[in-house]
Amino acid sequence: MAVKLVIFDLDDTLIKTSAITKECYATARDYLKEKGAKESTLLHLDEKFNSPVSYHKSVKKLEEELYRDGLKKDDVYRSIDIFNAGQVSGKLEMVDGAKEVLEGLKDLRKSGKIKTVLVTSSKDAKVQNYKIKQFSLSKYFDDICIDNYQECGKGVALEKYQIDNKLQPEEVIVIGDKISDEIKYANLLGMKTVRILEGRHSVAIPKKGEEHPQIEIEKIADFLKILKERLG
Ligand SMILES: [Mg+2]
């Protein structure tokens, strides 16, 4: 079945987020230390964050240990705010070749062969909106969804776009860097999946069958060829 809908992830698929994420992590970690977090707790936090897991989820997993070190709930939430604030103050760059891929999709969209959607997950929509604006990405997509369902991942949003567009799952291709999120949920829904090895999640190893992408690419530039081979 020919692909009719392309769903993109944002962070570390189109925009290089990992470098800034690491800086934000260091700042938030320093803050926790200043508030009394013990070195052993911080090492556990490093482990969790580098496994890799989002800052929000990592710090929530370590909450009990942080409270034992004497930190208050407010300190933990303040560290999340510090982490998020850093994401909009750092210098962002697009992933090499991402702009060219988006430009390359323009004609396919014009001819009605495909639709494109951006689905990005964040606790803080402001951060994602800032990134989208910074690189004027709206013009490349038929719709943009800033999904806030961190616990259940992107599955709900992915399925919504499939159904709204009256498509079969095989007519949807999803490209992203996270095997534990967009790749897993798209696989479970029966969609086509492309993993891009970019950023801190590129070291993640699939644990379950559904975390295995159908295709893996090192450069996003390779995505255009993959897509064109799957068009009707
Ligand atoms: Mg991502």
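**Entry 1: ground rules**

The model is predicted, so I keep to pLDDT of at least 70 for local features and 80 or more for side-chain atom pairs, while totals for chains, interfaces and linings use all residues. Residues count from 1 along each chain as its sequence is written, and side-chain values use heavy atoms, with hydrogens and water left out.

**Entry 2: aromatic pairs**

I started with the rings. A pair of aromatic rings is described by the distance of the centres and the angle of the planes. For Phe, Tyr and Trp (its six-membered ring), a pair needs centres within 6.5 Å; planes under 30 degrees apart count as stacked, over 60 as edge-to-face and the rest as tilted. How many aromatic pairs does a search of the whole structure find? It finds six.

I looked at Phe8 and Phe223 next. Their ring centres are 5.7 Å apart and the planes stand at 75 degrees, so I noted this pair as edge-to-face. For the names, I use DSSP runs numbered from the N terminus: helices are H or I with at least four residues, strands are E with at least two. Are Phe8 and Phe223 buried or exposed? Both are buried. (Buried is under 20% relative accessible area, exposed is over 50%, and partly exposed is in between, with a 1.4 Å probe and protein chains only.)

Then I turned to Tyr55 and Phe83. Here the centres are 4.8 Å apart and the planes at 10 degrees, so the pair is stacked. Tyr55 is in helix α3 (residues 55-61) and Phe83 in helix α5 (residues 73-89), so the pair ties together parts 28 residues apart in sequence. Tyr55 is buried, with a relative accessible area of 1%. Phe83 counts as buried too, at 7%. I also wrote down that Tyr25, Phe49, Tyr55 and Phe83 form one aromatic cluster.

**Entry 3: charges over rings**

Phe49 came up again here. The charged end of Arg200 sits over the ring of Phe49, 3.9 Å from its centre. Lys160 does this with Tyr161, its charged end being 4.7 Å from the ring centre. To qualify, NZ of Lys or CZ of Arg has to be within 6 Å of the ring centre and within 35 degrees of the ring normal.

**Entry 4: α5 against α7**

Two packed helices are described by the angle between their axes and the distance between the axes. The axes of α5 and helix α7 (residues 125-134) come within 9 Å and cross at roughly 10 degrees. Axes are lines fitted to C-alpha atoms, for helices over the stretch in contact, with angles from 0 to 180 degrees between N-to-C directions. The two helices are therefore roughly parallel to each other; that label is for angles under 35 degrees, with over 145 roughly antiparallel, 65 to 115 roughly perpendicular and the rest oblique.

Which residues of α5 and α7 meet? Asn84, Gln87 and Val88 in α5 meet Val127, Tyr130 and Lys131 in α7. By class, this contact has three nonpolar, two polar and one charged residues. (Ala, Val, Leu, Ile, Met, Phe, Trp, Tyr, Cys and Pro are nonpolar; Asp, Glu, Lys and Arg are charged; the others, Gly among them, are polar.)

Most residues other than glycine have a negative phi, and most peptide bonds are trans. The bond from Ser51 to Pro52 is cis, with omega near -10 degrees. Pro52 is in the loop between α2 (39-49) and α3, and it is buried at 12% relative accessible area. Leaving aside neighbours within four places in sequence, Pro52 is in contact (heavy atoms within 4.5 Å) with Arg200, His201 and Ala204.

Pro52 and Ser202 are 150 residues apart along the chain, and their C-alpha atoms are separated by 9.2 Å. Ser202 is in the loop between β7 (192-196) and β8 (215-217) and counts as partly exposed at 28%.

**Entry 5: positive phi**

Ser136 has phi near 45 degrees, a positive value in a residue other than glycine. Ser136 lies in the loop between α7 and β5 (143-147), partly exposed at 39%. Lys166 has a positive phi as well, near 55 degrees. Its loop runs between α8 (155-164) and β6 (172-176), and Lys166 counts as exposed at 75%.
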